[in-house]
Amino acid sequence: MKNLNKGEIIRFIVTGVLSAIVDFIFSFLASFISQKAGIPGNSVWCTVIGTIIGFLASIGVGYPLSVKWVYQDADKNKISKHKKTHLLFFTLLSAAGLMIGIGIMSIFKVSLNSGLGINIDTWMNVSIPTDYNFWQKIGAWISGVLTNIAFWYFALAFVVKSLFVLTFNYYTRKKFLFR
């Protein structure tokens, strides 16, 4: 970790933000679809399913950007020579980050549910009048989400999780994969 450089850290953060956006979108969609498929919103499985789907989507963004853009000083020949092994270790280290993320989201979920009675998995459930047109429904849903306290606690949990996992990922990737 002696050779940290600002450009690499900035590129890592940009990649992390892009990966987090992809993670968030896919986590949301997977949780939403899970609930529509009949998994109760108060089930921990909505959190687990959403987190895993978001994780896989974020790997699809994070790995290529890390190899080609973030770690520019890494030995590209070594990486391409052992591409499958490199991707496997990248995924395993990311999976460790995923477990940390699941743990943090689960701690938030249980703590908020038992302490404040807030279920962070139900923030997307908004009642929308059936006589609204498409755009009115979209507007009503967005307004309902943004005024739902569960959404803001979910967003806080997501940011905390992302910061912990981002730090873990940078350190482990720099130490073990992109020396």
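Q: What classes of residue line the largest cavity?
A: The lining of the largest cavity comprises five nonpolar, five polar and two charged residues. Ala, Val, Leu, Ile, Met, Phe, Trp, Tyr, Cys and Pro count as nonpolar, Asp, Glu, Lys and Arg as charged, and the others, Gly among them, as polar. This is a predicted model, in which local features need pLDDT of at least 70 and side-chain atom pairs pLDDT 80 or more, while totals for chains, interfaces and linings use all residues. Residues are numbered from 1 along each chain as its sequence is written, and side-chain values use heavy atoms, without hydrogens and water.

Q: Which residues are they?
A: Among them are Ser27, Ser31, Cys46, Asp121, Phe154 and Lys161. A cavity is a set of points on a 1 Å grid over the protein atoms alone where a 1.4 Å probe fits but cannot get out, and lining residues have an atom within 4 Å of a point.

Q: Which element gives the largest share of that lining?
A: That is α2, with four residues. Helices are DSSP runs (H or I, at least four residues), numbered from the N terminus.

Q: Changing topic, how many residues has the largest nonpolar core?
A: It has 16 residues, and Tyr71, Ile79, Phe90 and Phe178 have the most contacts inside it. Such a core joins buried Ala, Val, Leu, Ile, Met, Phe, Trp, Tyr and Cys residues through side-chain atoms within 4.5 Å, buried being under 20% relative accessible area (1.4 Å probe, protein chains only).

Q: Where does its largest share come from?
A: Five residues, the largest share of this core, come from α2.

How values were computed:
On a 1 Å grid over the protein atoms alone, a cavity is a set of points where a 1.4 Å probe fits but cannot get out, and a pocket is an open set with protein on both sides within 12 Å along at least five of seven lines; lining residues have an atom within 4 Å of a point. Helices (H or I, at least four residues) and strands (E, at least two) are DSSP runs, numbered from the N terminus. Buried means under 20% relative accessible area, exposed over 50%, partly exposed in between (1.4 Å probe, protein chains only).
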